[in-house]
Amino acid sequence: MSLRDYPWKGYYAGHEDLLNEFFIPALKHSTSYDRITGSFSASVLALFSEGLPEFIENGGTIRLIPGIELYKDDIKAIEQGQSGEIIKDRIDWEGLRNGSRDEVIEAFAWLIAEDILEIKVGVVTDELGRLQTKQEAEWHQKVAIFGDDEGNVVGVSGSPNESFKALRQNRESFSLFRNWVELEGEEWDENARLQEQIDEFESLWNDNDPRSSVFDFPEAIERDLIETAPETEPDWNDVIGGNEQTKGRQDIELRPYQKDAIRRFLNNENQIILDHATGTGKTWTSLLALQQIVEAKDVIVIFAPTRDLVNQWADGNNISKFFPDSNVVRCLGDANWRENLHNQLFTERSAPLFVVSTMHPTTMEDAIERINRECNPEEVGVIADEVHNLGSNLRRTIFPRLQADLGRVALSATPFRDDAGDDAILEYFGGEIHEVSIRDAIEEYEVLSDYEYHIHPVVLSPQEREEFRSHSTEISHMYNSYKSYEDQPVIEVSDRHPDLKVEIMERSRIIKECSAKLKVTRSIIGDLGTRTIVFCNTEDHTKEVVSATDDHTTKTISVFLGRLSENNKENLLNLFEEGEVDVLVSIDCLTEGIDVPECDSAILVTSSTTEREAIQRRGRILREAQNDQPAQLHDFITLPTDLDSIKSGDADLVSAELSLIERELERLRMMNADAANKMKNDPYILRIARAITQYDLE
């Protein structure tokens with residue numbers, strides 16, 4: 001395939017992936033590559049490794065003219081290649097692709113020794129022809145010209161150098177010209193413009209340019225023109241090209257979706273929203289992404305919704321794993337953190353400062369104000385854990401005030417709220433959403449265990465049904481009295497009228513704490529796995545569930561509540577992990593974010609009314625499997641009356657009851673969609689859905 005066959009664009013903007021959208025396709029379609037570049041690093045070969053084999057196989061050759069400042073290892077490789085004293089007789093493409101430093105340098109020397117790559121260096125001269133030092137005048141031009149065997153040529157002129165930093169981290173752009181596009185006499189004649197680039201390159205290569213001198217490398221060495229680039233330059237950090245391992249940490253093997261997320265983060269001006277399923281490693285992915293850009297002087301703010309999550313970020317194997325020398329300030333609502341943060345911001349740092357704050361509005365506001373006042377925005381980055389919480393009415397007016405231009409990462413298994421908060425989140429975190437669904441995590445990446453979904457129908461008692469209907473009537477009456485316009489969302493009205501909200505919560509409690517669920521829970525808890533989580537509604541409800549089940553199983557059951565001390569919670573989780581505690585009965589504190597030891601089953605005694613909570617509760621059991629057994633998830637569908645009477649049409653359903661069944665079915669479909677036994681459950685869900693179609697309550 002020739003260069004003419006590829007759909008080139010006339011302009012490649014700064015937000016685009018220049019490497020994969022231009023340089024790799026150009027290499028694959030070419031047999032010559034001429035390059036003028038201000039700075040150069042051999043690390044770029046790792047980036048080009050996808051296109052180079054085809055380029056070389058096609059007999060391709062490269063002519064390169066960088067400036068006189070080169071990296072020490074690159075200088076040695078050039079000398080080695082030109083002397084013919086190379087170690088290997090071929091390129092290890094896998095090692096090169098993985099960014100191995102040795103393989104990159106050896107490949108560079110091999111290309112030179114095989115006359116595939118020829119390098120000269122350029123120096124700017126003044127009007128009298130005197131050589132200028134780098135301090136006096138920089139060799140700063142960037143031109144790339146690709147040609148094929150059929151005479152087709154494309155050339156680009158713009159900002160990127162031939163380096164890892166330019167093609168992977170920077171915001172760069174360029175314009176492209178094709179020699180087969182001619183508009184003779186017109187200003188935008190691509191062929192004419194490209195010919196000017198070609199003529200200029202040949203003039204430079206042959207040292208005929210009036211305001212520069214170009215030297216063969218040996219002569220440049222002999223004349224002591226070559227300057228050694230500072231070792232602090234980022235091109236030779238430990239993340240080279242496609243390697244995607246962590247800077248300074250070679251013991252972490254990234255999963256494909258983590259590599260892709262980091263790549264997209266870097267290509268989107270260091271901004272991304274990680275919509276990743278629970279258990280796929282969002283925390284580490286966010287830290288890995290920031291690790292590519294964070295330096296010692298920088299301040300990273302982490303927002304987390306709860307005290308437990310703040311401590312989880314600050315302790316253990318998270319920040320310290322990727323930034324082992326960093327300092328951490330926890331903003332937890334007491335007065336001490338403010339003084340600590342003030343002192344840390346004014347202390348000269350040899351490692352990044354992490355400020356981990358709850359999402360309490362006052363705490364966030366105080367932390368943001370201090371950081372904005374004392375820090376350069378380009379040295380501030382942010383991670384928002386369980387980011388949907390930032391979209392609440394008050395918080396979405398606060399968090400965007402943080403001036404964090406270094407990088408922004410949002411993460412959640414359910415990042416969006418379906419309200420105005422979504423717009424604030426999307427705007428602040430750059431709109432780039434990287435998704436890893438539960439199905440992807442189970443089937444494609446095999447990082448989460450499969451699960452079986454078990455549906456248990458329960459029926460309201462006559463008293464519960466009567467109370468449900470009574471609350472529904474009152475809710476309807478209040479809503480019609482309070483609403484500001486037709487079809488105003490009930491939740492919006494209830495936010496402004498506490499008495500309506502109380503009625504809604506009381507009706508919801510009847511469904512969540514339906515007494516028939518206790519009998520089912522009692523019957524199945526003894527047959528579940530060795531580590532089970534039971535989700536309840538309130539603290540009193542947890543006591544009720546434990547009381548109903550404790551005498552019907554030999555398993556050890558403990559209650560896990562958010563109000564417990566940190567030591568007690570940590571102790572309970574350790575006992576759960578070690579198998580000393582078989583069942584944890586909890587409310588919401590195990591729903592969102594907290595790292596729970598791997599468990600193999602869950603009972604949703606309280607089935608959440610929101611998709612977000614349902615997904616997160618399901619995520620508690622979807623951990624990496626230690627064996628081939630799927631996790632077991634038990635859920636309830638709460639019906640106002642028995643299914644037989646609903647099917648027969650004799651159920652006497654009121655509108656609120658019909659809506660209840662529809663909501664329950666919606667959750668069941670969502671939870672069942674990725675289950676291993678989906679096909680078995682589908683007919684049952686369909687039968688209920690068909691049964692209620694005969695009730696016309698409009």
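**Salt bridges in close-up**

**View 1. Lysine 483 and glutamate 486 are joined by a salt bridge.** In this predicted model, the N-to-O distance between the two side chains is 3.4 Å. Lysine 483 has a relative accessible area of 22% and is partly exposed, whereas glutamate 486, at 59%, is exposed.

**View 2. Asp260, Arg263, Arg264 and Glu432 belong to one network.** The salt bridges here share partners, and in this way the four residues are joined. Side chains of opposite charge can pair when their charged atoms come close.

**View 3. A salt bridge connects glutamate 657 with arginine 469.** The two side chains meet at 2.9 Å, N to O. Glutamate 657 lies in helix α26 (residues 655-672) and arginine 469 in helix α18 (residues 462-482), so that the pair, 188 residues apart, links distant parts of the chain. Glutamate 657 counts as buried because its relative accessibility is 0%, under the 20% limit. Arginine 469, with a relative accessible area of 25%, is partly exposed.

**View 4. Glutamate 269 forms a salt bridge with arginine 171.** The closest N and O atoms of this pair are 2.1 Å apart. Glutamate 269 is found in the loop between α10 (256-267) and β11 (271-276), and arginine 171 in the loop between α7 (164-169) and β8 (174-178). Glutamate 269 counts as partly exposed, at 43% relative accessibility.

**View 5. The whole structure places these pairs in context.** A search of the whole structure finds 33 salt bridges.

Note on methods: Residues are numbered from 1 along each chain as its sequence is written. This is a predicted model: local features need pLDDT of at least 70, side-chain atom pairs count only at pLDDT 80 or more; totals for chains, interfaces and linings use all residues. Side-chain values use heavy atoms; hydrogens and water are left out. Helices (H or I, at least four residues) and strands (E, at least two) are DSSP runs, numbered from the N terminus. Buried means under 20% relative accessible area, exposed over 50%, partly exposed in between (1.4 Å probe, protein chains only).
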